[in-house]
Amino acid sequence: MLAGISAYADTLAEGPHLGVALDPDEIASWDFTIMPDGRALPPGAGSVKQGDAIYQKYCLVCHGEGAMGDSGEQLAGAQMALTSEWPEKTVGSYWPYATTLFDFIRRSMPMTAPGILSDDEVYALTAYLLYLYGIIAESDVMRVETLRAVNMPNRGGFLNIYEMDKRHD
């Protein structure tokens, strides 16, 4: 009995043998976080017009015409606030920081091939989505400085736990 338990424990210690070990360079390519204040935003720039073309190529199939939703979530055009009976979580009604939107797109989109968009393409796509909600003008270009300066409509809609922790120090 004890020999059987020992063999089982040895098997567990080795692991399930799924996947392959990642090298540090591969881990570093995915190990990035853009903070709400814009820390760690990469260099680059993108316009609304460029973002429209990228949206048509990569996003339309899931998020629909004008980002009104399809098999993917609705991204624009919310008519119901988050506090309403039927809240709509869209770019303008939900996201408190444009920098966080950039981070999400960069990490997760397109769903079928996350991480394939260049930083310039992510800036452009972010610009396009902000434009659709009327947060920026069609002529605006998003880059580190301009993205940090965007004041999202729901910026005050969440508790800032980091600021709350500072008050208790």
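In H3, residues Val48, Gln50, Gly51, Asp52, Ile54, Tyr55, Gln56 and Cys59 meet Glu121, Ala124, Leu125, Ala127, Tyr128, Leu129 and Tyr131 of H6; contact means heavy atoms within 4.5 Å. Helices here are DSSP runs (H or I, at least four residues), numbered from the N terminus. By class, the residues of this contact are 10 nonpolar, 3 polar and 2 charged. Nonpolar covers Ala, Val, Leu, Ile, Met, Phe, Trp, Tyr, Cys and Pro, charged covers Asp, Glu, Lys and Arg, and polar the others, Gly among them.

A word on the source. This is a predicted model, where local features need pLDDT of at least 70 and side-chain atom pairs count only at 80 or more, while totals for chains, interfaces and linings use all residues. Residues are numbered from 1 along each chain as its sequence is written, and side-chain values use heavy atoms, with hydrogens and water left out.

How do H3 and H6 cross? Their axes, lines fitted to C-alpha atoms over the stretch in contact, come within 7 Å and cross at roughly 95°. H3 and H6 are therefore roughly perpendicular, a label for angles of 65 to 115 degrees.

Now H5. Ala98, Thr99, Leu101, Phe102, Asp103, Ile105 and Arg106 are buried there, that is, under 20% relative accessible area with a 1.4 Å probe, protein chains only. The buried residues of H5 pack against H4, H6 and helix H7 (144-149).

Conventions: Axes fitted to C-alpha atoms, helices over the stretch in contact; angles between N-to-C directions. Helix = DSSP H or I, 4+ residues; strand = E, 2+ residues; numbered from the N terminus. Parallel < 35°, antiparallel > 145°, perpendicular 65-115°, else oblique. Buried < 20%, exposed > 50% of the residue type's maximum accessible area, 1.4 Å probe, protein only.
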